[in-house]
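Dear colleague,

I am handing over the structure below, followed by notes on what was found in it. Please read the notes with the model open beside you.

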Amino acid sequence: MAVIRMRWAVALLAAAMVVPGAVAEMCTTQSQMTAADRDGLSNAAHGLAAMVQAGDVAGLRAATVAEYAKDFGGIGDVVGAVAPKIKGGTIAVEQVYLLDGSALKRGADGSLPDAQFFCTLNKSAAEADFLIPGLDAGKYGFAIVEVRSATSPWRLSFLMRQDQSKWAMAGFYPKPMWAAGHDGLWYWKQARAMASQNEHWNAWLYFQQAEALLRPTNFIQSTHLEKLHAEETAAAPPAASAGVSAEAPLVVRGANGAEFHFTGMGVDDSLGKEKIDVTVRLKVDQLGDAAAARKRNTDAISALLTAYPELRKAFHGVWVFAEVPGQNPFATEQALAEIH
């Protein structure tokens with residue numbers, strides 16, 4: 001029977017993609033806000049985080065904007081999964097932003113507009129940018145809240161909209177701050193060291209882990225994250241210079257001459273081991289029975305490690321997701337020590 005791998009769901013009530021032609025709106029950082037705005041956003045975010053920590057789905061739903069509160073099942077599931085992870089942690093509001101989209105207008109067909117908010121940090125050249133498509137007119141706030149604990153710190157980010165002078169939740173983005181006991185800056189430093197030692201596969205994947213831990217949500221970009229992404233791109237091995245995707249698969253040949261086409265490659269910490277895992281997506285023509293599918297996944301991992309043995313140094317194991325269009329993937333996980 002294949003190993004079942006559970007992923008944390010992330011509730012995204014605002015789409016997380018960049019859309020061309022967006023109109024720049026107004027952003028105010030916390031150092032530039034009035035005390036009333038800063039305290040209002042901070043207090044609202046702290047209250048939302050406290051409800052998540054307590055697993056108070058009903059309270060959180062009541063504090064959500066009406067159009068999203070109607071269908072709250074997905075967010076309720078996420079809260080139920082995250083609450084035990086942050087139990088007993090100390091809540092601290094780290095950053096707040098005021099995003100004024102009052103001038104946004106719907107298209108002639110009624111479609112929601114796209115919004116860009118460019119936030120200059122402390123009157124410097126550094127920026128934090130929000131690129132949010134499909135955003136209705138209104139006054140928004142974004143808050144980054146840390147729930148600190150000695151074993152499992154988390155970052156809870158909230159998009160809020162001002163409704164009748166109160167801040168209501170319009171998006172919830174929970175993410176762990178550590179993977180295998182280390183934070184994003186640690187992975188960034190390790191990736192740099194790996195790149196300097198010509199371990200380009202390890203560096204490329206560790207840069208990915210650093211970015212996953214440091215980026216609060218996909219619709220945020222910053223000067224800091226752009227630098228990280230540039231280093232990740234520069235460190236990529238030649239075989240992954242265009243990424244690893246269905247359009248640009250990584251092709252590896254096995255010992256018996258069989259070719260394995262990998263259409264995705266990343267990292268994962270769902271098992272909570274001493275090191276993170278590699279994840280790969282494997283394109284197959286058919287899944288076959290469980291025994292055959294499991295052997296093919298193992299053969300694919302073995303071929304990958306033979307081609308790129310450096311991977312054995314930096315990771316605990318490998319997840320393989322064998323995929324056929326229209327079917328559920330066949331997933332297996334093996335520790336690297338078990339693979340020959």
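Strands here are DSSP runs of type E with at least two residues, helices are runs of H or I with at least four residues, and both are numbered from the N terminus. S13 (residues 277-283) and S14 (residues 317-323) pair in the parallel sense over six bridges, where two strands count as paired if DSSP finds at least two bridges between them.

Before going further, please note that this is a predicted model, in which local features need pLDDT of at least 70 and side-chain atom pairs count only at pLDDT 80 or more, while totals for chains, interfaces and linings use all residues. Residues are numbered from 1 along each chain as its sequence is written, and side-chain values use heavy atoms, with hydrogens and water left out.

On its other pairing, S13 meets S12 in the antiparallel sense over seven bridges, and Phe-262 stands opposite Leu-282 of S13. Five of the seven residues of S13 are buried, so this strand is largely enclosed by the rest of the structure; buried means under 20% relative accessible area, exposed means over 50%, and partly exposed lies in between, with a 1.4 Å probe and protein chains only.

These strands belong to an open sheet of five, in the order S11-S12-S13-S14-S15 and with mixed pairing. Strand S11 (250-253) and strand S15 (330-335) stand at the edges with a single partner strand each, so one side of each has no neighbour in the sheet. From one strand to the next, the twist averages 30 degrees.

Two helices can be described against this sheet. Helix H6 (residues 200-214) lies across S11, strand S12 (259-268) and S13, running at about 45 degrees to S12, whereas H8 packs on the sheet with contacts to S11, S12, S13, S14 and S15, its direction making about 50 degrees with that of S15. Contact means heavy atoms within 4.5 Å; axes are lines fitted to C-alpha atoms, for helices over the stretch in contact, and angles run from 0 to 180 degrees between N-to-C directions.

Within H8 (residues 290-307) lies Ala-303, which counts as buried because its relative accessibility is 7%. Leaving aside neighbours within four places in sequence, Ala-303 is in contact with Val-252, Arg-253, Gly-254 and Phe-260. The C-alpha atoms of Ala-303 and Glu-259 are separated by 9.0 Å, although the two residues are 44 residues apart along the chain.

H6 also packs against other helices. Helix H5 (residues 184-196) and H6 pack at an angle of about 160 degrees with their axes 8 Å apart, and are therefore roughly antiparallel to each other, a description used for angles over 145 degrees, with under 35 counting as roughly parallel, 65 to 115 as roughly perpendicular and the rest as oblique. H5 passes H6 in a left-handed crossing, that is, one in which the near helix is turned anticlockwise from the far one by less than a right angle. By class, the contact of H5 with H6 has 13 nonpolar, five polar and one charged residues, where Ala, Val, Leu, Ile, Met, Phe, Trp, Tyr, Cys and Pro count as nonpolar, Asp, Glu, Lys and Arg as charged, and the others, Gly among them, as polar.

The axes of H6 and helix H7 (residues 223-235) come within 8 Å and cross at roughly 160 degrees, which makes H6 roughly antiparallel to H7. The crossing of H6 and H7 is left-handed, and the residues of their contact divide into eight nonpolar, three polar and three charged.

Finally, two backbone angles deserve a look, given that most residues other than glycine have a negative phi. Ser-165 has a positive phi of about 70 degrees although it is not a glycine; Ser-165 is found in the loop between strand S6 (154-163) and strand S7 (166-176), and counts as exposed because its relative accessibility is 66%. Ala-180 has a positive phi near 50 degrees and sits in the loop between strand S8 (178-179) and strand S9 (182-183), but at 15% relative accessibility Ala-180 counts as buried.

With best regards
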